[in-house]
Amino acid sequence: MKMGTTEEEYLILIIDHDFNQYYKKLVDSLKGCKLVVRANRENAYNFFFQNRVDIVLLDHSRDLSCIDTLKYFKSAKPSVPVFVMTDCGSEEIAVKVFKCGARDYFGKPFDIDEMKKSLRHVLSFRQGMNRRKADHVLDNFRTAVQYINDNCNRKIRLPDIAKEAGMSISSFERTFKKKLGVTFTAYVNNLRITRSIELMKEDHFTTGEIAYACGFTNQFHFTRMFKKIMNVPPGQYKKSLKN
């Protein structure tokens, strides 16, 4: 769980069929960063959720809009910056992507130096945050809670979170309940269910996709927890959104 402070640990995911027009130049200008290409959206989803991605470069075209993918990523991992690239840009598209949470927007062909500058700015900010965490400048407990918020789609173990906060498990549990009013387990489950409801609003994601994106190990566990918290099964709740 410890965050690194070196460039080598940063991972940039490129989702674009036309990556060849800029990939080599971008790699050459971002020494130390690992750039991974997944042109197929489904493969990109899998990679995104199975790896700690630091930045996403997402293509938008006339044939394949980026809006749904952008919303999906920002709902699942709000802390990961997404840069949108397009060869059919317009003011309308720019407004849409920024409203959906895009960090930056570039028209193709874009200036490599401008892209590099923007990427470096984000990476420097994230690196600065990591250093402050290591130096204990930020409050340890708040850091642990923020980690939960940013990574609730992954497996989160109480002993690891307590260690991140610099506390014993029992001390962390007491502090958590006192400050947030709920237990650690209840908080994580409620957070995951809240995010699942946001994905349900998009209508085209399956229950299994939503369960996986929100950190549940299987659809059965997701359905059981959803019903426990919302008092209705996820399928029934999703139907109610249409009404």
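## Strand β1 and its neighbours

Leu13 has Val56 as its bridge partner in β3. Helix α2 (residues 41-50) packs on the sheet and touches β1, β2 and β3; the direction of α2 makes about 165° with that of β1. Contact here means heavy atoms within 4.5 Å, and axes are lines fitted to C-alpha atoms, for helices over the stretch in contact, with angles from 0 to 180 degrees between N-to-C directions. Helices (H or I, at least four residues) and strands (E, at least two) are DSSP runs numbered from the N terminus.

The model is predicted: local features need pLDDT of at least 70 and side-chain atom pairs count only at pLDDT 80 or more, while totals for chains, interfaces and linings use all residues. Residues are numbered from 1 along each chain as its sequence is written, and side-chain values use heavy atoms, with hydrogens and water left out.

## The sheet

An open sheet is formed by 5 strands in the order β2-β1-β3-β4-β5, with parallel pairing; two strands pair if DSSP finds at least two bridges between them. β2 and β5 (104-107) are the edge strands, each pairing on one side only. On average, neighbouring strands of this sheet are turned by 20° against each other, direction ignored.

β1 is joined by 4 bridges to strand β3 (residues 55-60), and the two run parallel. Ile12 stands opposite Ile55 in β3. Another 4 bridges join β1 to strand β2 (residues 34-37), also parallel, and Leu11 stands opposite Lys34 in β2. From β1 the chain crosses through helix α1 (residues 23-29) to β2 in a right-handed β-α-β crossover: with the strands pointing away from the viewer, the path from the first strand over the helix to the second runs clockwise.

## Burial and cores

In strand β1 (residues 11-15), 5 of the 5 residues are buried, so the strand is largely enclosed by the rest of the structure. Buried means under 20% relative accessible area, exposed over 50%, and partly exposed in between (1.4 Å probe, protein chains only). Leu11, Leu13 and Ile15 point one way from β1, and Ile12 and Ile14 the other way.

The largest nonpolar core has 41 residues, of which Val56 and Val97 touch the most other members. Such a core is a set of buried Ala, Val, Leu, Ile, Met, Phe, Trp, Tyr and Cys residues joined through side-chain atoms within 4.5 Å.
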